[in-house]
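Dear colleague,

Please find below the structure that I am handing over to you. My notes on what was found in it follow directly after it.

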Amino acid sequence: MSIPYLAQPEQQQKLEWLNGSTFSVLLDAATTGGQLTVGRFDAPKGEAPPFHLHTREDEVFMLIKGTALLWVGEQELELSEGGIVYLPRNIPHGYRITSDRADLLLIATPAGIEGMFRQAGRDASTLRPEGFEISKDALAAAADTHGQITVGPPR
């Protein structure tokens, strides 16, 4: 059963992610009864995940600030500030940030995708090991564990 839940900023987990970006877990499976995940990226220019698909969840991205290129299947699209995109499961997709920085909101349903970020990312509240970087192997293992399939390199 889902119950209302309020997450103040100090209750949100911030993770170091790819290429100098961060991903903040705003709402997760535990707080939404498994219904959805809400997260927020702060990403620098050039940040781009591998071209991938999700087998377990549908995804929505809203670009709060910045610009990005988005690939859905083989279609290339421009995502501008305030733009939003719905990405159904099993559809390959990826993006590349084209502005100096981007603020990107992610909503996924059902919940669970946050596990992939937690497995491969680094909790920003902990001491950062010198030279920390998410390895391709760590990212691939986390993606596999959480139902994501990498179908190609970043675009």
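Leaving aside neighbours within four places in sequence, which residues is Ile84 in contact with? They are Val60, Phe61, Met62 and Leu79, where contact means heavy atoms within 4.5 Å.

Before going further, please note that this is a predicted model, in which local features need pLDDT of at least 70 and side-chain atom pairs count only at pLDDT 80 or more, while totals for chains, interfaces and linings use all residues. Residues are numbered from 1 along each chain as its sequence is written, and side-chain values use heavy atoms, with hydrogens and water left out.

Ile84 belongs to strand E8 (residues 84-87); helices (H or I, at least four residues) and strands (E, at least two) are DSSP runs, numbered from the N terminus. With a relative accessible area of 57%, Ile84 is exposed. For this term, buried means under 20% relative accessible area, exposed over 50%, and partly exposed in between, with a 1.4 Å probe and protein chains only. From C-alpha to C-alpha, Ile84 and Glu57 are 17 Å apart in space and 27 residues apart in sequence.

In soluble globular proteins, nonpolar side chains tend to be buried together. The largest nonpolar core in this model has 27 residues, and those with the most contacts inside it are Trp17, Phe23, Phe41, Phe61 and Phe117. Strand E10 (residues 101-109) gives the most to this core, namely four residues. A nonpolar core is here a set of buried Ala, Val, Leu, Ile, Met, Phe, Trp, Tyr and Cys residues joined through side-chain atoms within 4.5 Å. Not counting residues up to four places away in sequence, Phe117 touches Leu15, Trp17, Phe23 and Phe41.

Aromatic pairs and charges over rings

A pair of aromatic rings is described by the distance of the centres and the angle of the planes. Rings of Phe, Tyr and Trp (its six-membered ring) pair if their centres lie within 6.5 Å; planes under 30 degrees apart count as stacked, over 60 as edge-to-face and the rest as tilted. By this rule there are seven aromatic pairs. One of them, Phe23 with Phe117, is stacked, at 3.9 Å centre to centre and 15° between the planes. Phe23 lies in strand E2 (residues 22-27) and Phe117 in helix H2 (residues 114-120), so this pair ties together parts that are 94 residues apart in sequence. Both Phe23 and Phe117 are buried.

Phe41 and Phe61 form a tilted pair, with 6.3 Å centre to centre and 40° between the planes. Because Phe41 is in strand E3 (residues 37-44) and Phe61 in strand E5 (residues 58-65), the pair ties together parts that are 20 residues apart in sequence. Phe41 is buried at a relative accessible area of 3%, and Phe61 is buried at 5%. One aromatic cluster is formed by Trp17, Phe23, Phe41, Phe61, Tyr95 and Phe117.

Two arginines also meet the rule for a charge over a ring, which asks for NZ of Lys or CZ of Arg within 6 Å of the ring centre and within 35 degrees of the ring normal. The charged end of Arg155 sits over the ring of Phe51, 3.7 Å from its centre. That of Arg122 sits over the ring of Phe132, 5.8 Å from its centre.

The largest pocket

The largest pocket is lined by 19 residues, of which Leu18, Asn19, Ile134, Lys136 and Leu139 lie nearest its centre. A pocket is an open set of points on a 1 Å grid over the protein atoms alone where a 1.4 Å probe fits, with protein on both sides within 12 Å along at least five of seven lines; lining residues have an atom within 4 Å of a point. Helix H3 (136-145) and strand E12 (148-152) are the elements that give two or more residues to this lining. The largest share, three residues, comes from H3.

Backbone features

Most residues other than glycine have a negative phi, and most peptide bonds are trans. Asn19, in the loop between strand E1 (13-16) and E2, has a positive phi near 50°. Asn19 is exposed, with a relative accessible area of 54%. Asn90 has a positive phi of about 70° and lies in the loop between E8 and strand E9 (93-97). At 45% relative accessibility, Asn90 counts as partly exposed. A cis peptide bond, with omega about -5°, joins Thr109 and Pro110; Pro110 lies in the loop between E10 and H2.

With kind regards
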